[in-house]
Amino acid sequence: MPKGGYTRNQFGYDVGGPILKDRLFFFQSTEWVRVRSAGNQISLVPTPQYLAASNSATQAFFTQYGSPAPTFTQTLSKDDVVASGVTPTPGGPFDLLPGNTPVLGIAPFTSPTNAGGGDPQNTYYLIGRVDFNLTPRTQMYGRYVFYNELDENGSMFSTPYSQYNVGASERDNAALFGLTHEFSGSLVSSTKLSFTRHTLSQPFDTSQQNTPTLFLYNNATIGGNLVQFPGFYSQFEGTGGLPSGGPQNTVQISQDIDWTKGQHSFKAGTQLLYIQNNITYGAYAQAVEGIGTSAPTGLDNFLNGTLSIFEGAVDPQGALPCVRDYATGNLVQTPQCQITLPASQPNFARSDRFKDWAVYAQDAWKLTPRFTLNYGVRYEYYGIQHNNKQDLDANFYYGPGASLQAQIRNGQVFTVPNSPIGKLWNPQYGTVGPRVGFAYDINGDGKTSLRGGYGIAYERNFGNVTFNVIQNPPNYAVVQITTPSPITTNNAGPIGGSSGTVPLPPTSLRNVDENIRTAATQFYSLTVERQVANNMVASIAYVGSRGTHLYDVKGYNMLGAGNVYLGDPVLDASGNFIYSRLNNQYGSINNRGSEGDSYYNGLNLGFQMTDLERTGLIITANYTVAHSTDNLSSTFSESNSSVNGIGNLGYLDPFNPGLDHGASDFDIRQRFVLAPIYRTQWFKNSHSFAGRLLGGYEVTGIYTVRTGTPFSVSDSSNSLNRSAGVGIPRYTPGTTISNYSFTKAIDKNGSGANLYDLVSLPAAVSYGNPGLGGISDFGPYPSAMTHRNAFSGPGAWNFDLAASKSLLIREGIEVELRAEGFDIFNHHNLYITESNNDVANYGYDGATIPIQAKKVASMVVRTMSVVSVSLLSRLSSEAFSSETPWPPRQSPSTADHQAMIRTSAMPVEIRKSALRIERCSRPLAFFDNPVECILVCRMR
């Protein structure tokens, strides 16, 4: 495969100085970034021979949406697919194909890739600031920031069917006004008013907007390579959705008071926050067509032209869906559940608003010269999401009943004005967050310190957790068909007719629990730090946290749940098994609740040495031993071993979340980071020609090594609800497993590039409840069933290196030449191919379960020159407030290096909550108090 390319250009300027001497000052900075980098990818696509053997429905889909067909360099025959570890369904269509039939083509393609310097992009960023000293005791400032980034098409999503590539763009504005007044030497007031507008979008070919997306199965991977069919976001079912984007407006007002009295330093304040989230998001605007639920079912159904799941968005025209009679499968039709054809798509735009506020008070009390006590409290109120047009807000509300299951059966969808509680959910009060900490100079010589603390923090439910109620009727409907249906070219699926009326079938719901709690984390730490020699500090620190009421998703309304929990008959008059839901008017009900639970305990050993013996050598090292456990590592289960390829969306048993308590998806038991910096000392500060030529060199390195991450092995073979990503138990081995940790490869797997076998687990034992027709969705589960994240994979290490030379041209002008290498040794780490970890791919007939990993490296070497021109005039010491007016200008490698050091010294990836919100990627100067940004990306 040819080598990818990389080019990065970064340039800009700073200018600043006084306008009125000692009164009025200005600063302005602008930067441009241009990145061009491409990586070579490989995906698998169907061959003409495999298509020719398939049903006409399959052929029609590829004829309409799969042209032009990708070019492939070689093919995998049926025998090659079987050799990769896929066990065909005995007697199934795929099993009956001749062994030499070309099935999948290996299609290489180029896509925009982050090669270490950001996504391929054109970006410019400017900041302007004015400071004014109104009086010797009153200062004010204003700041404006503008950021514009356009990433190349394919940077968000790429596929060998290039017409479905998706790009990304971002356009941000921020304005801040600050006023500081000193009433006396001990009393200071600070007021800040800010406005931000954060706009994201995903450019795409709008002519393809009504193309349904076809999946072999969720995150289909064969021989270590992704299988991709035509459509947008054709990797994970339930992700993507176009159009997507829009502005988020935030207004923030804060008032702080600082008062120093004797040994006390008091601080108190309040914050008001208003968020207006104007988002357009086409959830299921491109229908999801899932062919199978595993490799064998997907390969069979491809030939049959059959889907295991169809999900598509339509406008329900104010109707709620018809109830399905589970005994007959027929819809109970009424005029209230009919829609008029042709069906159209719903309104994808919403304007959600939030009003939050907080107050706090704290004190630093210096009890003795050696002991300082910090204590305080913060109260936060998180407002309830509401739309500017409240009739567009709809939620599922519980009905009467003695159990939660009965309340779901008797529940119903209402728009907010007509709901039993008059709002999307009930607010929570009492979110009090105490904080206490101390610092103690043990010997009184400033060389040994003991520090500790405890606190409680809260986090709002945000983003997809609550936004996705957009998908609820009567204004929006996601039609969900989980019984076999034909592959279709119609984006509206079963209601794609052109005239007349049709009944609206049961739709899936996104339900925010009306009694959802606010996620909370208790955190605690204790640190001993000792200066062991001049310029040398060692530390040992314990850090722990306990997360409660963390945000989760639960699939309450499974097929069969009505039989299991409410006693619905499971046999019809002919003795056939029939399955009911808790509420038969709806399909999946993805409940957003707050039953996530987590624990973290970590011990960190740190060492810092600066300018050893005046040699210019700086060393920072950190070693962390930690353990993190939870019952769900992320709200949408989008991390390891979850529905993005394998396992459940949420919990195995939504009514018993504790069943899933185990190692966190990010549970890294050990991590070591070594970060040396060496600066040459010869000709230091020399302005001679020799000094400029031979001095000013710097070498920076970061070495990171860690143990592996945990994973699960699932068994969807007998799951009734597997196409909806729920009700999937875990693997039950037929014999005892002696080793659950796999640190190295035992053999090269010939079916895929860089694919290796780690172990073959014992053959699985089939589990199914005979009283329910042999399905495995409901407990009690086998006692030998493996725990969540019972296994762990190989560790990883990496070494990055940078070398630079600074050349002073004259005062104020300096040129820096830099060469950087990421993964400088081109080391390939092994990563588990979790999408294959399903017993359904291998069967029960004595077949062992192979655990495979792929070797991946990301070697990038780049060179750059940075010209720093300083035009700043001398400023009086009163020019700027105590807040840093702009971030210090750093080369990217120095910033990355410092960030890595800071990260390594902290506990590894503490899970504050399950809520997956991406922070704004802008520099910290962009926001005075950075507000978390919403990235809507999941439809579940």
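I start at helix α2, where the exposed residues S56 and T63 sit on the face turned away from the buried side. Before going on, the conditions: this is a predicted model, in which local features need pLDDT of at least 70 and side-chain atom pairs count only at pLDDT 80 or more, while totals for chains, interfaces and linings use all residues. Residues are numbered from 1 along each chain as its sequence is written, and side-chain values use heavy atoms, with hydrogens and water left out.

Some terms. Buried is under 20% relative accessible area, exposed is over 50%, and partly exposed is in between, with a 1.4 Å probe and protein chains only. Helices (H or I, at least four residues) and strands (E, at least two) are DSSP runs, numbered from the N terminus.

Back to α2, residues 56–65. Its buried residues are A57, T58, F61, F62 and Y65. Seen down the helix axis they fall within an arc of 135°, so they line one face of α2. That arc is taken over the directions from the helix axis to the C-beta atoms. What covers this face? The cover of the buried residues includes β2 (24–46), α1 (48–52), β9 (213–215), β14 (288–290) and α4 (295–304). At the start of α2, a side-chain oxygen of N55 comes to within 2.7 Å of the backbone nitrogen of A57. A polar contact here is a pair of N or O atoms within 3.5 Å; within protein, one must be able to donate a hydrogen and the other to accept it, and residues adjacent in sequence count only if both atoms are side-chain atoms.

Rings of Phe, Tyr and Trp (its six-membered ring) pair if their centres lie within 6.5 Å; planes under 30 degrees apart count as stacked, over 60 as edge-to-face and the rest as tilted.

How many aromatic pairs does a search of the whole structure find? The count is 37. In one of them, Y565 and F778 have ring centres 6.1 Å apart and planes at 80°, so the pair is edge-to-face. Y565 is in helix α7 (residues 561–566) and F778 in the loop between β40 (755–761) and β41 (791–792), so the pair ties together parts 213 residues apart in sequence. Y565 is partly exposed, at 29% relative accessible area, whereas F778 is buried at 3%. Another pair, F711 and F742, is tilted, with 6.4 Å centre to centre and 45° between the planes. F711 lies in strand β38 (residues 710–711) and F742 in the loop between β38 and β39, so this pair links parts 31 residues apart in sequence. F711 is buried at 1%, and F742 is buried at 5%.

Next, a sheet. Four strands form an open sheet in the order β39-β40-β45-β44, with antiparallel pairing. β39 (747–748) and β44 (829–832) are at the edges with a single partner strand each, so one side of each has no neighbour in the sheet. Two strands pair if DSSP finds at least two bridges between them. Between β39 and β40 there are two bridges, and D747 stands opposite D757 in β40. β40 and β45 are joined by six bridges, with L761 opposite I849. β44 and β45 (residues 849–856) share four bridges, and N829 has V856 as its bridge partner. As for cover, five of the seven residues of β40 are buried.

Two single residues. S539 lies in strand β32 (residues 536–555) and is buried at 18% relative accessibility. Beyond four places in sequence, S539 touches V528, E529, N604, L605 and G606, where contact means heavy atoms within 4.5 Å. Y697, in strand β37 (residues 697–706), is partly exposed at 36%. Y697 and T680 are 17 residues apart in sequence and 5.5 Å apart C-alpha to C-alpha. Leaving aside neighbours within four places, Y697 is in contact with Y678, R679, T680, S804 and K805.

Last, the totals. The protein chain has nine helices and 46 strands, and 54% of its 940 residues are buried. Of the contacts with a separation of 6 or more, 75% are between residues 24 or more positions apart.
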